[in-house]
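Trainee: Before I use the terms in this description, I would like to see what stands behind them.
Mentor: Then ask about them one by one.

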Amino acid sequence: MGEVMLGSERQEKRPFKAIWEQHGGLFIAAACLLFIGIAWMMGRNGQGAGELIFFILAYVVGGYRKAWEGLETLIKEKDLDVDLLMVVAALGAAGIGYWLDGAVLIFIFCLSGALEDYTMEKTNQDIASILKYRPEEAVLLKNGGEVKIRAAQLQKGDVVLVRPGERIPCDGHILEGQSAVDQSSITGESIPVDLAAGDTVFAGTINGQGALRIHTDAGAEDTLLARIIHLVQEAKNELPPSQLFVERFEGIYAKSVVAAALLLMVAPPFLFGWSWESTVYRAMIFLVVASPCALVSSIMPAILSGISNAARKGVLFKGGVHLEQIGEVKVVAFDKTGTLTEGKPKLTDCIPSEACNEQELLTLAASLEYLSEHPIAKAIVGYAKAAGIPFESASEMQAVPGMGVSGTVNGRNCRIGKKELLASLNLDDAMLQTAGKLEADGKTVIFVESDGTLAGMLAVQDTLRPGVREAVMKLKSMNQKVVMLTGDAKLTAEAIGRAAGVDEVHAELMPDHKLALIRQLTEQYGKVAMVGDGVNDAPALAASAVGIAMGSVGTDVALETANVVLMTDDISKIPFAISLGRRARRVIRQNITFALAVIALLVVSNFWGGINLPSGVVGHEGSTLAVILSGLRLLR
């Protein structure tokens, strides 16, 4: 917090510096234009010496920064810069007496640079705006009192107090209180979500009307928001292959333009009988219009805009390469548990026998499983609690490894578990047929016995995440092949696959089998996107063209290996990400085509249409600004 205040104090003490950093480019362009205007007026009034002085001032003020940057590139990196080509062209025009044309070139180049900076700053601000969600302070509850500390100092296990209207400083769960929490900064949901004790909250979200006591589940550096900030900064610095290619191409192209300009300064008088003045002037125009500014600006504004748009909607790309790649994906492969499904079994069926009713069956089952930590036991106990089913005291509990549990409930000898645990019971055909049907639907069937009699059956199943089927249908409508890869049993996997609507189900897979299948799908169909959350998914995530990890439930290994992270585990964002990748590729292709077409048109017009230097500059700089603005379409 001190750093933030210090920064604001500096801004107050040095407002001019802050204004200059933000608007300096426009001030320079305005000064350049003023000097050009004065020089032009003096020229009309016959004041030749004064005219020359103000033209020189216009050249120096408008061109010194670009000339310095271009010379630095030439000397330090031994490479030609587009900026240097512009300055050389302007000086060349002045050298043959076209002072006004050269000055207009400097001014338009300077103004265009300032406008490009503003345009790019819009993208950078959109990405950097995520940082503002990072809370600065937290109220730590310690030794019966409140201590205000920096949010960055919070550790796992701390308990914090969040008052109404404050930003939540940690990832954790609510211990006490209820409130409507604005989670738009993390999930993109515009409507606040009603949360109460036991619910999960994220750092950077805004508390509503109620005070909350929150248990910190992750240190400040491990929060979802911290990971988002890290990944966005990482993405901003990673260049996609198309940009790397264009940057390599720019160096070769710039040298070729200089060589061609030198040739054009010498050859036309001998080949076509041009005057030397006209020849040098045309060569200067060629230097300007053939420069690859628009080509160089065709890619990164579009990529950064796409990454920014995705981040606002809960999809983090670790680099521009992955935004390009996802637009080429032909197959989307999903892990099952924790990705397509919740990863937590839920009680789906309660079937009592003739000797029992549903409440008695649930009472027996929940009483026997009450102390168990097994996921199936938790599902049964959780359902019973939610339904208000009474529990009875259980004693003489004994686990039968891999089979179930036995014990005494209210004086009755009871067992709960697999069918094999109750092998001594005479199960009727109707019950067995029902159990078979439930298992065919991918459910796990649990049998309950009371005093040697079957009390009934319970079925549990890992259920689909909300919106999964709609997301899969959307992917299929986009001509994506959708497959599921899982280590789960075949019957269970096929049932989930049918419910989700996937094209293919591959079950009982080890991590190396998943890896082999990703390679097989790549060879057969093309680029594959793999979606997963666990350590066992890491090899497949690494082998796929685009690895997509679940942000909240994903393991550190999966998050580190993946190229894209779904911040709130929302599968419905995958069709959006693929669509955005396709749009990005389309916009980039349009920009490159437009940039090359304008260069070709201006070069031809220079030699056969007789355009002047200011017209060439307007066409060249206008095309550069146009492709940048075109790239910003991806912000929508």
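Predicted model: local features only at pLDDT ≥ 70, side-chain atom pairs only at ≥ 80, totals over all residues.

Mentor: Residues are numbered from 1 along each chain as its sequence is written, and side-chain values use heavy atoms, with hydrogens and water left out.

Trainee: Why are α17 and α18 called roughly perpendicular to each other?
Mentor: The axes of α17 (residues 468-477) and α18 (residues 490-500) cross at roughly 70 degrees and come within 8 Å. Angles under 35 degrees count as roughly parallel, over 145 as roughly antiparallel, 65 to 115 as roughly perpendicular and the rest as oblique. The two helices are therefore roughly perpendicular. Axes here are lines fitted to C-alpha atoms, for helices over the stretch in contact, with angles from 0 to 180 degrees between N-to-C directions. Helices are DSSP runs of H or I with at least four residues, and strands are runs of E with at least two, numbered from the N terminus.

Trainee: Which residues in α17 meet which in α18?
Mentor: Val-468, Arg-469, Val-472 and Met-473 in α17 meet Arg-498, Ala-499 and Ala-500 in α18, where contact means heavy atoms within 4.5 Å.

Trainee: What makes β13 and β14 a pair?
Mentor: Two strands pair if DSSP finds at least two bridges between them. Strand β13 (residues 404-409) and strand β14 (residues 412-417) are joined by 6 bridges and run antiparallel. Gly-407 stands opposite Cys-414 in β14. The hairpin has 2 residues between the strands, and Asn-410 takes a positive phi near 55 degrees. On β14 there is also antiparallel pairing with β15 (residues 444-450), over 4 bridges, and Arg-415 stands opposite Glu-449 in β15.

Trainee: How do you know whether Ile-571 is buried or exposed?
Mentor: Buried means under 20% relative accessible area, exposed over 50%, and partly exposed in between (1.4 Å probe, protein chains only). Ile-571 has 3% relative accessibility, so this residue counts as buried. Ile-571 lies in the loop between β21 (564-566) and α22 (573-609). Leaving out residues up to four places away in sequence, Ile-571 touches several others, including Phe-334, Val-468 and Leu-566.

Trainee: How many disulfides does the structure hold?
Mentor: The structure holds 0 disulfides, a disulfide being a pair of cysteine sulfur atoms within 2.5 Å. Cys-356 is in no disulfide, and the nearest cysteine sulfur, that of Cys-350, is 8.4 Å away. At 14% relative accessibility, Cys-356 counts as buried.
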